[in-house]
Amino acid sequence: MVKNKQNPEEDLSMFFEVAKSSPPEAHQDLKVRILKDADKAHEVRYLPRPRSWLAYALDHLKELGSIPSAAGFATSLAAGVCIGLYVPDLSEPIAIVFQIDTFNEVDFTGSFFGINEIFEDT
Amino acid sequence: MFNGSKKETDSVLLVSFANGDRKAAQQLVERLMPKIYAHAYYRLGNIADAEDVTQEAFFKLWKFAPNWKQDRAQVSTWLYRVVSNLCKDRYRRAALEDLDLTKEPTDEAQSPADKIDDHYRQKALYSAMSFLPENQRLAVQLRHIDELANPQIAEIMGLSIEAVESLTARGKRKLIEILQTHKAELGYSDG
């Protein structure tokens, strides 16, 4: 037990002295935990940054065999897309080559190998 | 990089840590953790909460390290301020009644007989301090237990130096009054 001094100011100072002279000591484990946090903070800070889409694209370009082959690939891809979107009617160009009006040349009402004429004669 | 010299200030150490020097963190912890932990313990009154708050404050420091500027406040001032805010948050959450400021620390390394006198004195002081208003208590603790200078306390508390002096003086007067009038309840007597 502590003895109470006559001077209350001195008495209070004595209490403060006791508090200062015997501070609570932290467990060693706390220091370890705090330093682990420091390591974690470091790891987060020095993690490789997420790569941009451009970096990924350049990697794929290399895999394809650099710019000439990538250009060929892109051209054929574009052609494929165009063909897919706008399907050409192949019958028209062929008819143009042979100078045939495909609709008018076929006479569905006329005779077939002169059969009509044969019947008319009879 | 940090070369281990004792002349390095806390700010220099923190910048070294931010630049990748892990040993600087160790030096900082060795220098500052005992003070910060003691402060948190005096504020909160139990080991578990004091440890949590200390760890959290340092974690915030590590995260803040890359943005630290050497010409700003001292690292210790910054930490005291963070701890102070964390303690206030805990007070709010626990609404004070759950905090037992007279709880004994569970120090298994020392026998109770070795430290019984100090224990009674500390217990009486912290119990008496728990009756002070929050600002007075913080000012008295920072000035007379943590032994900080008034300008640093003013920075931590966000007050003028005059306001800190006034708070400390009023806190001390009130403490004397409490210690005088509640001797029996606080566990000490005129002997």
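Here are legends for a few close-up views of this predicted model.

**View 1. Chain B is built from helices.**
Let's start with the overall make-up of chain B, which has nine helices and zero strands. Followed along the sequence, its pattern reads α-α-α-α-α-α-α-α-α. Of the 191 residues in chain B, 38% are buried. Among contacts in chain B with a separation of 6 or more, 63% join residues 24 or more positions apart.

**View 2. Helix α3 of chain B and its buried residues.**
Which residues of α3(B) are buried? They are B:Ile47, B:Ala50, B:Glu51, B:Val53, B:Thr54, B:Gln55, B:Ala57, B:Phe58, B:Leu61 and B:Trp62. When reading such a list, recall that an α-helix has 3.6 residues a turn, so residues three or four places apart point the same way.

**View 3. Helices α7 and α8 of chain B cross.**
A pair of packed helices is described by the angle and the distance between their axes. For α7(B), residues 150-157, and α8(B), the axes come within 8 Å and cross at roughly 100°. Angles of 65 to 115 degrees count as roughly perpendicular, and α7(B) and α8(B) are therefore roughly perpendicular to each other. On the α7(B) side, the contact involves B:Asn150, B:Pro151, B:Ile153, B:Ala154 and B:Met157, which meet B:Ile161, B:Val164 and B:Glu165 of α8(B). By type, the residues of this contact are six nonpolar, one polar and one charged.

**View 4. The side of chain B that touches chain A.**
Now for the meeting of the two chains, where 39 residues of chain B are in contact with 27 residues of chain A. At least two residues each on the chain B side come from α2 (22-44), α3 (47-64), α5 (116-129), α6 (134-145) and α8 (161-181) of chain B. Which helix gives the most to this side of chain B? That is α2(B), with nine residues. This side of chain B divides into 20 nonpolar, eight polar and eleven charged residues.

**View 5. Confidence along chain A.**
The mean for chain A is 75, with 61% of its residues at 70 or more. Helix α2 of chain A (residues 28-46) has the highest confidence, at 86, while helix α6 of chain A (residues 102-105) has the lowest, at a mean of 60. Over residues 1-5 of chain A, pLDDT stays under 50, and the model has 16 contacts for them beyond four places in sequence.

Notes. Residues numbered from 1 in each chain as written. Chains lettered and ligands numbered in written order. Predicted model: local features only at pLDDT ≥ 70, side-chain atom pairs only at ≥ 80, totals over all residues. Contact = placed C-beta atoms within 7 Å. Helix = DSSP H or I, 4+ residues; strand = E, 2+ residues; numbered from the N terminus. Nonpolar A, V, L, I, M, F, W, Y, C, P; charged D, E, K, R; others polar. pLDDT = per-residue confidence, 0-100. Axes fitted to C-alpha atoms, helices over the stretch in contact; angles between N-to-C directions. Parallel < 35°, antiparallel > 145°, perpendicular 65-115°, else oblique. Buried ≥ 20, exposed ≤ 12 C-beta atoms within 10 Å, placed from the backbone.
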